[in-house]
Amino acid sequence: RCKNLSVSFWNSYWMLPSDVCGMNCFWEAAFRYDYMKTHPSEKMHLAVVACGERLEETVTMLRSAVIFSIKPLQFHIFAEDQLHESFKDILDGLPYEGKVNYTLYPITFPTESAAEWKKLFKPCASQRLFLPLILKDVDSLLYVDTDILFLRPVDDIWSFLGKFNSTQIAAMAPEHEEPRIGWYNRFARHPYYGVTGINSGVMLMNMTRIRRKYFKNDMTPVRLQWGEILMPLLKKYKLNITWGDQDLLNIMFFHNPESLYVFPCQWNYRPDHCIYGSNCKEAEEEGIFILHGNRGVYHDDKQPTFRAVYEAIKNYSFGDDLVHSLLQPLELELRKTMHTYCGKVYKVFIKQLTKSVRDLYARRSKGR
């Protein structure tokens, strides 16, 4: 692991990566690049659901995925019909260098219960529950909310699929690290996974396994498949759930804990990890890998640290120098947020991003 990265990168921009994070860091990047070239594999499939005013946020998330990822990406974009043309206009204009394809889908729910699913939590949010049933030819999938930003290659979270044991079908991060501020363990009126529940904003799925599995449940002694269990769960718990589809997933994995792989908080870092003081130790050590700006923090002044990262990626122009066009102005903006709790630990917001840029330049240098 490469630690203790300098965040004053532009002062040493022309140094080799080994000067910044040690020789091990340089060879780690070079080895990964060589491995990807000599071990071609299927595309990484990434899905997102966009409704209402989430167009810009979704495009910014997709841009963050494109910047650093190594293997080809296939985007599955589920959006309201009126957003499709805007998505096409924007995505067709981005320089993907041949490594990205996308498909647009309408928002669809089971006909007999469509109205009920549409009004669950936020508009369209429960669409994610039906992805294994809609994308029948996709073996594995990374689902993310629109307010996600990738600060390292998608390849790295995709690699968790290879770490699943024989019973695991999905991977998510805990809802909280600190039970004293946890929501599920203090307020939930339904079963939930583990000590503090799980957050479904970043969800890695082996969908072949999901479609094949028969799930234990508290409604019948008979195990039910994915497509059979969703509506009965909603009917039983709809008066007791607050966070919609995420609550249903918590209930499901409460009864089937052996089916879940739990990854650390730096893969789904939210305001709760810093607004009451830093409580994601992995991020403190290695930086944030995936930033999750839930509660609209990219678009208001409540958490300027999160907003600064969002604005930096949104405004970055593909092809520009990443150090001078992204990292340097971002660190300057992050320093201005030190009056907030999250701003006090601003270095965790840029630590991994710095390494991702260095790795990218190492791969480009190796490929020449």
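This is a predicted model: local features need pLDDT of at least 70, side-chain atom pairs count only at pLDDT 80 or more; totals for chains, interfaces and linings use all residues.
**Entry 1: α13 by itself.** I started with the length of α13, residues 304-315. The helix has 12 residues, and I get 16 Å from the first C-alpha to the last, close to the 16 Å expected at 1.5 Å a residue.

**Entry 2: α13 against α14.** Next I looked up how α13 sits relative to α14, residues 322-335. Their axes come within 9 Å and cross at roughly 160°. Angles over 145 degrees count as roughly antiparallel, so that is what I wrote down for α13 and α14. The crossing is right-handed.

**Entry 3: who touches whom.** Which residues make the contact between α13 and α14? From α13 I listed Thr305, Ala308, Val309, Ala312 and Ile313; facing them in α14 are Leu326, Leu330, Glu333 and Leu334. I sorted the residues of this contact into 7 nonpolar, 1 polar and 1 charged.

**Entry 4: burial of α13.** I then checked which residues of α13 are buried, and got Thr305, Phe306, Ala308, Val309, Tyr310, Ala312 and Ile313. What covers them? Besides α14, my list of covering elements includes the helices α3 (55-68), α15 (341-344) and α16 (347-367), plus the strands β5 (148-150) and β11 (290-292).

**Entry 5: a look at α16.** The 21 residues of α16 should span 30 Å at 1.5 Å a residue, and the end C-alpha atoms are 30 Å apart, which agrees. I also counted burial: 15 of the 21 residues of α16 are buried, so this helix is largely enclosed by the rest of the structure.

Note on methods: Residues are numbered from 1 along each chain as its sequence is written. Side-chain values use heavy atoms; hydrogens and water are left out. Axes are lines fitted to C-alpha atoms, for helices over the stretch in contact, and angles run from 0 to 180 degrees between N-to-C directions. Helices (H or I, at least four residues) and strands (E, at least two) are DSSP runs, numbered from the N terminus. Angles under 35 degrees count as roughly parallel, over 145 as roughly antiparallel, 65 to 115 as roughly perpendicular and the rest as oblique. A crossing is left-handed if the near helix is turned anticlockwise from the far one by less than a right angle, and right-handed if clockwise. Contact means heavy atoms within 4.5 Å. Ala, Val, Leu, Ile, Met, Phe, Trp, Tyr, Cys and Pro count as nonpolar, Asp, Glu, Lys and Arg as charged, and the others, Gly among them, as polar. The expected span of a helix is 1.5 Å times one less than its number of residues. Buried means under 20% relative accessible area, exposed over 50%, partly exposed in between (1.4 Å probe, protein chains only).
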